[in-house]
Structures are given as structure tokens and as C-alpha cells.
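Subject: Handover of a structure

Dear colleague,

Please find below the structure that I am passing on to you. A summary of the findings follows it.

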Protein chains: 2
Amino acid sequence: MYFVFFVGTAGSGKTTLVKTFNDYLRDQQMDSTIINLDPAVESLPYTPAVDVRDYVDAYEVMEKFGLGPNSSLIAASDLVLTKASEIKEEVEQLESNYVLVDTPGQIELFAYRETGRMLASLIAGENKRAMAFLIDSFIAKEARSFVSMLLLSSSVKFRMDMPTINLLSKVDLLTDKELDLINSWSNGEELVDSLGTIDEYSYELIKLLVESLSSSPIPVSSTSNVGMDMFYAELQRIFAGGEDFLTEEGNPTL
Amino acid sequence: MYFVFFVGTAGSGKTTLVKTFNDYLRDQQMDSTIINLDPAVESLPYTPAVDVRDYVDAYEVMEKFGLGPNSSLIAASDLVLTKASEIKEEVEQLESNYVLVDTPGQIELFAYRETGRMLASLIAGENKRAMAFLIDSFIAKEARSFVSMLLLSSSVKFRMDMPTINLLSKVDLLTDKELDLINSWSNGEELVDSLGTIDEYSYELIKLLVESLSSSPIPVSSTSNVGMDMFYAELQRIFAGGEDFLTEEGNPTL
């Protein structure tokens, strides 16, 4: 089994992309299924094989513990961990080749807290895994925000310790000119030009970020279905062992 | 007037620190007042001079627009911007020397979206400003999480374009040994040792992050009052012009 975790900020289009990519895989006669890890989502365009809402209700958490909306979402995801053994058992019964994992938009779970990493380990077990990090086109079209999203992607990749594919989501909302500009930023120099005056540290940081991009983020759209082939090919490259990643013990492995 | 923005992840202790530092300044016979920018906070330990809850109610937004908890918090902060002229008018009537600004825990507003930067410009106008970035001790005591928080701080600093002081918050919850370890990480090598095997890009990124730290995060606690003198001294250094920062137009200025 191959696990693909879809991670991104709230509103970046994770849920619809999960549905679109699942349909794509099935159209190609591949066996694919979906896990929903978001305890606060109200309605889903797909039927998940495993759904954390069966275990934890974010709204109940909000009322029961008298927490504010943000704290209750964090708390709800932490509570999911307490249901670990039940969820693991359910996941182990899955027999699909591909398991697509939809995640909550509280990006701090994946960028700064241990919850995301623990959830991912729990779910993927010893199986190969990769992460699709969604960069919201609407945010990325401003140069500074694009840099922020690359920093966030680095942070999530570092925290989750998984091979990561950057996707530029919802590109149907971009004009061709905007898309060309974002692609050119991935080459570095033009990005720095778009930022105005920046301090030396930021310059070094951006240089490093751009150098670390193996390729531009892949433009995808769940509306026009663009980018699915390229995304799939990149996943193949990772699962075939083209990119090393580290186990939790820190040893290089396939 | 000097504006100090307190930014940090949910639960990092912004609100209590704002109260503690406000009390500290007043005890020193300095004129200080507080602005609350969090539309979703339920109760505050201080009385804000300006309160965005007078303009936007996050819970009303949640019900009115049928949004989930996270989206409604983002939407509520965006709505605050539509009340710009009224809020600006209120802020301009403040006559305090120091204005402490408490912010919502949706860190993406400050790290990835334009809302935080626009709010800050709106509020601080032409006045000098600095940012206190709170690194939650509870999160920071794990080496990878500490790196994540430094990345987040860089991202927020870059996005907000303000001189930034890193604070290690809630240090009363750390043992002396834990605090020593975190301090030693700010020197670099020991940090890398604590991370296990990491890839070359992560190594370069961490080296750059550590080099960019002008000093270790300042340990503070709202319970024991530790760190207020050092934090104040650092603010003085910034407001006295010791650290350049860039205006929105990208030109270096005081």
C-alpha cells in the first residue's frame, strides 16, 4: 500500500483534490481509497473508507470542554490520537493499492506540533508514504506570500519527514500570465526581483529555498483536472525509490 | 507612540504576556495601553483600549456564513479589515507611549496571508513598531519542533517586515535542564546533534536559521515575571534605531 498525505492551509483545496485524484486513479483502473482525518469537516464530496469523525466530533469537543474554535480543533486532532488502536485496526483492513489521506486545515498540526507526524506514523505504519503539499494559488500570486508558502512547505516536510511534492492548487483561478510568473519565481532570480528590498538573511534564505526545489510546484486544478498525470508520475518516482527518506529513527531508507 | 505586536501560535501565552508586560511598564511609570485584535477571544485578563470584538463577532460570523470554526476565524479577521477606518480613528485617539497589540492565534494570518500585515499597517500607521514572536516552551523542548518554531518566526518576520524579538514563553513550565538545552540549541552545533540524521538541505537551512539569530530567544514567564527587563531592553534597542527595518515600499528606514 502507498499512502499519500494531502496537507495544506485551510481553503487550499485539499478535499476536492483528494476526490479528483481518487477519481483519476480509479479511471486508470487503479485501486484507490480515502481516509478523512479532519474531525471538523461538515460535508465531504467523497465517501471515506475510514473517517475520524466516527471517533471524534470537533463540535462536541468545543461544547464539552468550553474551548474556543481554534483550540477545540487542535484538541480534537489530539483526541484522534487517543483512538489510535481502533483507527489503526480499521486502516489495516484496507486493501487498496493507494490510500489518499485528507487532513485538517490546522497547518500547525503538521508544521509545528507532533500530532501530524504521530497521526501519519499511526496510519501509514511500515508502508511507503509521500506528502502532497498544496500551495494555494490565490495566496501564491503575491511574491512574498509565495516565499512564505515555500517556507511553510519546508517546515512541514522537515516536521513530517516525508518525501514531499509541492502542488500549486486551484490554478484554474490564475490567468496564464500569473501562472507564468509563479513558475518563473521557482527559478530564483526573478523572485528576488519581485520582492523589493530585502535583508541579507532573507536573501540567503530565499536562495536556499529555491535551490532546494527539485522542480516548480506542479500546477493542479480539481475543476479542470489539469496536472493529475504529472502529479501521478512524481508519486511513482518517489515510490519507486527515486527519493530517499528517513525513518523515524533517522536512518536513511527507501 | 511605539507599537509592539505579540504574535504566536494558539496557546503560546500571548494574552497573559500582554497583560504582564503592560503591568510591568506601568509599574515603571510608563504609559502603556492594549489593543485586542482577536475577534474570537472569550475573556481577557486586561481591559483593552481598543477591542476588535466591538466590530466583529467571530461566533456570529460562524453562524451567519455557515462556515466551519477555522474558516470563520480567518473570515472574522478579514472582516476586521473592512472596519479599518473606524478602528484607525479609535487608535489615533490613543495617547500612550507604548501600545501593546494582542493578536489571534491563527498564525497563518501573520505567516502566510496578507491580513496580518495589513492590520499592522492600519494600526501602527507611521509609528515605530516591533514584533514579539512567542515560541511556546512546551513545543520548543523537542529539537525538531524548536527548528519548526524558528522557521515559523522567520516566516512571520519576513511576511510582517518588522524587527522581531523571539521570546521563549511560559518558561516556568520548563526544568532548568530543559531551559539550558534550548539555550544551547541556539548555538547551532548541539541542535544538529539532537536531530539525528537529517538531509543536506535541512542542515543548510538550520545553519542559516541559527546564524540569523542575533541572540537566543529571551526566556519569559507571565507567572514568575521573569524576562521582562531583558525584553524591555531589547525593545529599547530596536526603537532607538539599532535595527533597521523596511517600509512597505521596500526602502530602508529607521
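**The sheets**

In chain B, 7 strands with parallel pairing make up an open sheet in the order β3-β2-β4-β1-β5-β6-β7; two strands count as paired if DSSP finds at least two bridges between them, and strands (E, at least two residues) and helices (H or I, at least four residues) are DSSP runs numbered from the N terminus. The edge strands of chain B are β3 (50–51) and β7 (218–219), each of which pairs on one side only.

Please note that this is a predicted model, in which local features need pLDDT of at least 70 and side-chain atom pairs count only at pLDDT 80 or more, while totals for chains, interfaces and linings use all residues. Residues are numbered from 1 along each chain as its sequence is written, chains are lettered from A and ligands numbered from 1 in the order in which they are written, and side-chain values use heavy atoms, with hydrogens and water left out.

Within chain B, strand β2 (residues 32–36) runs parallel to β3(B) and is joined to it by 2 bridges; B:Asn36 stands opposite B:Asp51 in β3(B).

Chain A likewise holds an open sheet of 7 strands, paired in parallel in the order β3-β2-β4-β1-β5-β6-β7. Its edge strands are β3 (50–51) and β7 (218–219) of chain A, and each pairs on one side only. Strand β2 (residues 32–36) of chain A is joined by 5 bridges to the parallel strand β4 (residues 98–102) of chain A, where A:Tyr98 in β4(A) lies opposite A:Ser32.

**How the two chains are related**

The same surface serves both copies, since 98% of the contact residues of chain A recur in chain B.

**The interface**

The contact (heavy atoms within 4.5 Å) takes 50 residues from chain A and 49 residues from chain B. Together the chains bury about 4000 Å², 62% of it on carbon and sulfur atoms; buried area is the accessible area (1.4 Å probe) that two parts lose on being put together, summed over both. A:Tyr112, A:Arg144 and A:Phe158 supply 20% of the area that chain A buries against chain B, more than any other three residues.

The rule finds 3 salt bridges across this interface, a salt bridge being a side-chain nitrogen of Lys or Arg within 4 Å of a carboxyl oxygen of Asp or Glu. One salt bridge joins the side chains of A:Arg159 and B:Glu142 (3.0 Å, N to O).

Yours sincerely
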